[in-house]
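Subject: Structure for your review

Dear colleague,

Please find below the structure that I am handing over to you. My notes on what was found in it follow directly after.

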Amino acid sequence: MKRIGVLTSGGDSSGMNAAIRAVVRAGLEMGCEVYGFVQGYAGVLDRHYQVMESSSVSGILHRGGTILKSARCEEFKTDRGQKEGMKALEELGLDGLVVIGGDGSLRGANALLERGMNVVGVPATIDNDVWGTDMAIGVDTCLNTITWAIDIIKDTASSHERAFIIEVMGRESGYLAIMSSLSCGAEAAIIPEFPYDLEKIGSKLAERFKEGKTDSIILVAEGAASAYTIQRKLKNHIGFETRISVLGHIQRGGVTSVFDRTLASRMGVEAVNALIDGRSGNMIGLSKSKFAEIPFKEVLANKKGIQPKLIELSRTLGVIL
Ligand code: ADP
Ligand code: F6P
């Protein structure tokens with residue numbers, strides 16, 4: 001293994017920089033040249049890369065976003081795009097590649113694997129919807145940001161005796177909504193994985209309000225419904241003022257949490273170790289505090305979903321689901 005590449009792809013998540021830094025520093029330490037592709041698979045197709053030095057990754061450990069930039073590249077989903085990508089990597093004499101990204105990016109990594117490239121994946125997405133790892137890079141930072149924002153909103157909610165409907169990210173996953181309902185003590189969580197009953201949510205909220213609770217927080221994952229729809233439909237059921245907050249892209253960037261910095265550093269080094277030792281076609285996953293290499297095939301064939309235990313826990317703690 002003499003020359004390895006690294007790229008970040010899909011929606012950015014905080015900790016991608018820490019992962020790039022780990023791949024570059026570990027790669028150099030093991031005597032490799034490291035090429036950083038700019039804007040994910042688009043950078044591979046365009047041969048847009050930079051040769052990474054140790055100094056290229058100085059001062060980025062804590063920074064959100066990705067110095068290599070990220071992109072969604074439709075062309076890479078096609079047979080022609082993947083052939084072209086493979087040709088580019090071969091022309092550059094690449095012996096291996098580390099792909100940092102979510103489920104879609106790992107599908108791209110698997111496509112390159114099937115065409116003969118040595119590839120290792122590192123899961124990074126705020127959605128935490130990648131099967132085979134308890135946590136993806138960026139989830140913890142994101143949850144801290146959501147919790148920070150909702151703590152602030154709760155001051156206003158209780159001062160004005162209002163219910164706030166807060167929309168969080170998660171096009172297909174309710175993980176952020178359900179976890180932040182726990183970390184914020186929210187009244188309800190509406191998630192795509194679970195049918196919701198607004199009549200039930202509304203009447204329970206009205207009941208709690210009558211009992212003297214002065215504020216209510218309802219978390220909505222964007223993939224389940226829009227906060228505006230929920231507000232309109234809930235109006236008739238709760239009988240007190242509601243307001244909306246769509247947190248949007250405040251959730252993706254920001255200073256990387258300690259958990260994500262260490263997770264990303266460890267996964268990045270594990271990925272390089274795997275390539276150096278000749279193991280490819282796997283994603284680095286964290287399971288029960290241990291790192292494991294999980295074949296792309298398994299990762300991509302399974303859907304993570306929300307653990308039934310988490311649903312049970314939320315209900316026990318009073319979250320209406
Ligand atoms: P994420 O990696 O965060 O899930 P996306 O689903 O948007 O984000 O995927 C990121 C990029 O990965 C896509 O723009 C595309 O370049 C590549 N990709 C996604 N799905 C596939 C696929 N089935 N085959 C090849 N490449 C893919
Ligand atoms: O994949 C992460 C994610 O944050 C989703 O939860 C969200 O729906 C999506 O990316 C939004 O991405 P963008 O605004 O970049 O299109």
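I begin with Gln-251, which touches Ile-126, Cys-142, Ile-146, Glu-167, Val-168, Met-169 and Leu-176, residues up to four places away in sequence not being counted; contact here means heavy atoms within 4.5 Å. This is a predicted model, in which local features need pLDDT of at least 70 and side-chain atom pairs count only at pLDDT 80 or more, whereas totals for chains, interfaces and linings use all residues. Residues are numbered from 1 along each chain as its sequence is written, chains are lettered from A and ligands numbered from 1 in the order in which they are written, and side-chain values use heavy atoms, with hydrogens and water left out.

Gln-251 sits in the loop between β9 (242-246) and α9 (258-276); helices (H or I, at least four residues) and strands (E, at least two) are DSSP runs, numbered from the N terminus. Gln-251 counts as buried because its relative accessibility is 1%, where buried means under 20% relative accessible area, exposed over 50% and partly exposed in between (1.4 Å probe, protein chains only). A polar atom of the Gln-251 side chain is 2.9 Å from the backbone nitrogen of Met-169.

The chain is divided into domain 1 (3-138 + 256-301) and domain 2 (139-253), with bounds from an automatic or database domain assignment. Their centres, taken over C-alpha atoms, are 34 Å apart, and 18 residues of domain 1 are in contact with 14 residues of domain 2.

The largest nonpolar core has 62 residues, of which Ile-100, Ile-166 and Leu-219 touch the most other members. Such a core is a set of buried Ala, Val, Leu, Ile, Met, Phe, Trp, Tyr and Cys residues joined through side-chain atoms within 4.5 Å.

A polar backbone atom of Cys-73 is 2.7 Å from an oxygen atom of ligand 1, and a polar backbone atom of Gly-102 is 3.0 Å from an oxygen atom of ligand 1.

Yours sincerely

Terms used: A polar contact is a pair of N or O atoms within 3.5 Å; within protein, one must be able to donate a hydrogen and the other to accept it, and residues adjacent in sequence count only if both atoms are side-chain atoms.
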